[in-house]
Amino acid sequence: MSSFGFEIYPEIGGRFILDGNTTVLNYLSGGTINVEWFKEGANKYIDIAARTPEGAQIVLIPRVNGVIRYITGKNNGKTQYYPAGMTNIVSCYRLDANTVRVMCESTFPSLSSLQTHYHLLYYIQNASASGFGISFSGGENFYSISDSTSVFPLIYKATINFTGQFTPPIKNPEKSVSFFSWSDPDLTITPGRELFIPGEGVTGHKLGTFYGYDRNGNAWNRSTSMRVCTFGLGDGRSPYGIDIYNAAQQVVYNSRYGALKNIGVISVSGPEYNYNAFPTGVDPMICPTVIGEQYQQTNSGGGGWQKILATNMLNRKISPGYAEMQYYPPSYGGLSSISKFPIFYINANDYF
């Protein structure tokens, strides 16, 4: 913590510190990436319309980072279903003032059935003062707000007992972003999404809800204590405290809530339950996502399991872990896909 700056006690509880070490994130938009939008060729990408100021660093939070491409083909004269390649989101950046570009890689000639809901955020480090808002000097500052439209507020936080499913008790949870921390290595959490299973179509999940699974891919049925922070569009303002305005005379922060700040990234790698440690001094809370998929043929008759890989946590470490599993009898082959796209986290010390 800096010796200078503001210390705010929001109505939601806890404290929110604005100082020279604070970088606050702003909300841009949310939507769906569809496979049809990706371009063919050496560079595969999708362009999303999103107006951002110069110098903005883009944060893309997808519910699905990577998938396997499944097709039907011949195996010893028999028509069977098998994994043919994989498609992963690898990066995103501000292309120009009105466009964010999301880069993707694929090992299959035509891109696979990657479809995901997402949120777009941005932040600016060391921006020059505009004459509006509030600013601090320091390595990474809560900059003078002029082009911002909405600091992304903390609208719910709690310590909960997770028993298999959790939906933040807020309006429009599907439009929110949640971070969790837990320490049971048997528990893997995946976000609600419109899950596409080959041969079955869209199935199973509700946007805004989070689902737990054990190491066998079964629905979680134990009680596990965890902390949660949910960020979304705030519902009203407090008549007390502090308002921060931008140059358009819009309130972009009100001290009824905290705000999403100092977001970090961590890479994950396979195989499953191979843990990477967070930086020293961080009490991490992660944003659950689907990291990839694994397909394994399990018997000579050609049956196999499709296994979703999502976020597993053990104390201050993160790993791919099993979520849903689906068995396909007329199938063959094997493939594992883990996305290179990072997992986002926050420091619980900033919110609790």
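Is Arg227 buried, partly exposed or exposed, and what is its relative accessibility? At 22% relative accessibility, Arg227 counts as partly exposed. The cut-offs are under 20% relative accessible area for buried, over 50% for exposed, and partly exposed in between (1.4 Å probe, protein chains only).

The views below show a predicted model, in which local features need pLDDT of at least 70, side-chain atom pairs count only at pLDDT 80 or more, and totals for chains, interfaces and linings use all residues. Residues are numbered from 1 along each chain as its sequence is written, and side-chain values use heavy atoms, with hydrogens and water left out.

**View A. Arg227 and Asp283 meet in a salt bridge.** The N to O distance is 3.0 Å. A salt bridge here is a side-chain nitrogen of Lys or Arg within 4 Å of a carboxyl oxygen of Asp or Glu. The pair links distant parts of the chain, 56 residues apart: Arg227 is in strand E17, Asp283 in the loop between strand E22 (276–277) and strand E23 (284–286). Strands (E, at least two residues) and helices (H or I, at least four) are DSSP runs, numbered from the N terminus. Asp283 is partly exposed, at 23% relative accessibility.

**View B. Asp47 forms a salt bridge with Arg101.** A search of the whole structure finds six salt bridges. In this one, the closest N and O atoms are 2.7 Å apart. Asp47 lies in strand E4 (residues 44–49) and Arg101 in strand E8 (residues 99–106), so the bridge ties together parts 54 residues apart in sequence. Asp47 is partly exposed, at 35% relative accessible area. Arg101 is buried, at 16%.

**View C. Arg215 meets both Asp186 and the ring of Tyr273.** The closest N and O atoms of the Asp186 salt bridge are 3.3 Å apart. Asp186 sits in the loop between E12 and strand E13 (188–191), Arg215 in the loop between strand E16 (210–213) and E17, so the pair ties together parts 29 residues apart in sequence. Asp186 is partly exposed at 30%, and Arg215 is partly exposed at 34%. Salt bridges that share partners join Asp184, Asp186, Arg215 and Arg222 into one network. Arg215 also lies over the face of Tyr273, at 3.9 Å from the ring centre. A charge sits over a ring if NZ of Lys or CZ of Arg is within 6 Å of the ring centre and within 35 degrees of the ring normal.

**View D. Phe179 and Phe231 form an edge-to-face aromatic pair.** Their centres are 5.9 Å apart, with 85 degrees between the planes. Rings of Phe, Tyr and Trp (its six-membered ring) pair if their centres lie within 6.5 Å; planes under 30 degrees apart count as stacked, over 60 as edge-to-face and the rest as tilted. Phe179 is buried, at 0%. Phe231 is buried, at 0%. Tyr27, Phe152, Phe179, Phe231 and Tyr351 form one aromatic cluster.

**View E. Ser337 lies in strand E27 (residues 334–338).** Ser337 counts as buried, at 0% relative accessibility. Its side chain makes a polar contact with the side chain of Asn88, at 3.2 Å. A polar contact is a pair of N or O atoms within 3.5 Å; within protein, one must be able to donate a hydrogen and the other to accept it, and residues adjacent in sequence count only if both atoms are side-chain atoms.
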